[in-house]
Amino acid sequence: MSSQEIFSMVFQLVLTGGIGIITYFLKRVMDELDKCRSDIDDIKGRYVAKDEFDKAKSDITEVKQNYLTKEDFYREQVKTEQKLDKIMDILMQMKGER
C-alpha cells in the first residue's frame with residue numbers, strides 16, 4: 001500500500017465520520033425544530049385573542065356588579081318572611097281570631 005492509498009483511506013474515513021457527525025447534529029436540530037413547531041401549534045390552539053380576553057374581563061366585571069351573595073339572598077328572604085308574618089297577623093286580627 002502506498003502512502004497515497006493510506007492517505008485516501010484515512011481521508012475517506014475522516015470524511016465519512018465528519019458527515020456522520022454533521023448528520024447526527026443536524027438530525028437533533030431538526031427534531032428540536034419539529035418539537036418547537038408542535039409546541040407553537042399547541043399554543044396557537046389554546047390562544048385567546050386580546051379582544052376575546054377583554055370581552056371576558058368586561059363580562060366578569062358585569063357579573064360582579066350584578067352578583068347577589070348567598071348571605072344577601074338569605075337576608076332578603078328573612079325580610080320577606082317577616083313581612084308575610086306581619087300580613088298574616090293583620091289578616092288574623094281582621095278575622096278576629098287574635
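This section describes the confidence, helices, aromatic pairs, salt bridges and a surface patch of a predicted model.

The protein chain has an average pLDDT of 90, and 98% of the residues score at least 70. Helix α3 covers residues 70-95. With its 26 residues, α3 reaches 37 Å from the first C-alpha to the last, close to the 38 Å expected at 1.5 Å a residue. After α3 comes Gly96, which has a positive phi, near 85°.

A pair of aromatic rings is described by the distance of the centres and the angle of the planes. The count of such pairs in the model is three. In one of them, the ring centres of Phe7 and Phe11 are 6.3 Å apart and the planes meet at 20°, so this pair is stacked. Phe7 counts as exposed because its relative accessibility is 58%, and the cut-off for exposed is over 50%. Phe11, at 48%, is partly exposed. Another aromatic pair is formed by Phe73 and Tyr74, and it is tilted, with 6.0 Å from centre to centre and 55° between the planes. Phe73 is partly exposed, at 40% relative accessibility, and Tyr74 is also partly exposed, at 48%.

Side chains of opposite charge can pair when their charged atoms come close. The number of salt bridges in the model is seven. One of them joins Asp42 and Arg46, whose closest N and O atoms are 3.1 Å apart. Both residues lie in helix α1, with a separation of four residues, about one turn of the helix. Asp42 is partly exposed, at 42% relative accessibility, whereas Arg46 is exposed, at 58%.

Asp59 has a relative accessible area of 33% and is partly exposed, while Lys55 has 51% and is exposed.

A further salt bridge connects the side chains of Asp72 and Arg75, at 2.7 Å from N to O. Asp72 and Arg75 are three residues apart in helix α3, so they are separated by about one helical turn. Both partners are partly exposed: Asp72 has a relative accessible area of 27%, and Arg75 has 45%.

The surface also carries a nonpolar patch made of Leu84, Ile87, Met88, Ile90, Leu91 and Met94. Together these residues have about 620 Å² of accessible area. Among them, Ile87 lies in helix α3 and is partly exposed, with a relative accessible area of 45%. Met88 is likewise found in helix α3 and is partly exposed, at 47%.

How values were computed:
Residues numbered from 1 in each chain as written. Predicted model: local features only at pLDDT ≥ 70, side-chain atom pairs only at ≥ 80, totals over all residues. Heavy atoms only, no water. Phe/Tyr/Trp six-rings, centres within 6.5 Å; stacked < 30°, edge-to-face > 60°. Buried < 20%, exposed > 50% of the residue type's maximum accessible area, 1.4 Å probe, protein only. Helix = DSSP H or I, 4+ residues; strand = E, 2+ residues; numbered from the N terminus. Expected span 1.5 Å × (residues − 1). pLDDT = per-residue confidence, 0-100. Patch = residues over 30% accessible without salt bridge, like charges linked within 9 Å, V, L, I, M, F, W, Y side chains within 5 Å. Areas by Shrake-Rupley, 256 points an atom, 1.4 Å probe, with all protein chains shown as cover. Salt bridge = Lys/Arg side-chain N within 4 Å of Asp/Glu carboxyl O.
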